[in-house]
Amino acid sequence: MATYNFNGNVNGPANFGDNGTINIGRQDGAEQTLRLAAELARWLRAEGAGEDRLDAARTLHGELEQAGREQRAAEPGVVRRALETITLGLGAGSTGLALAQEITRLLG
């Protein structure tokens, strides 16, 4: 997914964006994604999730953390497998499923 940023002055009848700039695309940072992954792991522990889901949550958090340190995108296959393991069988509307979906959205 491409991100288009226009950071010049916006002239015209409307002034969009912060301080007269237009930012189109993903604006959420890696920190938010990492925070959600940690929250998902806490939720799974609190719900008494099985060891396979807890392992997947640790793998997900570890991959996101390492990708952030290395300033690279998270490995899609690792993230996808971890989220599939975590969400398998979670009820619609559950906190865990909502967190997993938000992580997916943030990662694009």
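**Fold, core and salt bridges of the predicted model**

The protein chain contains four helices and two strands. The model is a predicted one. In sequence order, the elements of the protein chain follow the pattern β-β-α-α-α-α. Of the 108 residues in the protein chain, 32% are buried. The accessible surface of the chain amounts to about 7100 Å², and carbon and sulfur atoms account for 49% of this area. Among contacts between residues at least 6 apart in sequence, 48% link residues at least 24 apart.

The largest nonpolar core comprises 24 residues, and those with the most contacts inside it are Leu-40, Leu-44, Leu-60, Leu-83, Ile-86 and Ile-103. At least two residues of this core come from each of α1 (30–46), α2 (51–69), α3 (76–87) and α4 (95–107). When residues up to four places away in sequence are not counted, Ile-103 touches Thr-33, Leu-36, Ala-37, Leu-40, Leu-60 and Leu-83.

Eight salt bridges were counted. One of them joins the side chains of Arg-69 and Glu-65, with an N to O distance of 3.9 Å. These two residues lie four residues apart in helix α2 and are therefore separated by about one helical turn. Arg-69 is exposed, with a relative accessible area of 59%, whereas Glu-65 is partly exposed at 34%.

A salt bridge also links the side chains of Glu-51 and Arg-58 (2.7 Å, N to O). Glu-51 is partly exposed, with a relative accessible area of 49%, and Arg-58 is partly exposed at 43%. In a further salt bridge, the side chains of Glu-70 and Arg-72 meet at 2.6 Å, N to O. Salt bridges with shared partners connect Glu-51, Asp-55 and Arg-58 into one network.

Key: Residues are numbered from 1 along each chain as its sequence is written. This is a predicted model: local features need pLDDT of at least 70, side-chain atom pairs count only at pLDDT 80 or more; totals for chains, interfaces and linings use all residues. Side-chain values use heavy atoms; hydrogens and water are left out. Buried means under 20% relative accessible area, exposed over 50%, partly exposed in between (1.4 Å probe, protein chains only). Contact means heavy atoms within 4.5 Å. Accessible areas come from the Shrake-Rupley method with a 1.4 Å probe; for residues, only the protein chains shown count as cover. A nonpolar core is a set of buried Ala, Val, Leu, Ile, Met, Phe, Trp, Tyr and Cys residues joined through side-chain atoms within 4.5 Å. A salt bridge is a side-chain nitrogen of Lys or Arg within 4 Å of a carboxyl oxygen of Asp or Glu.
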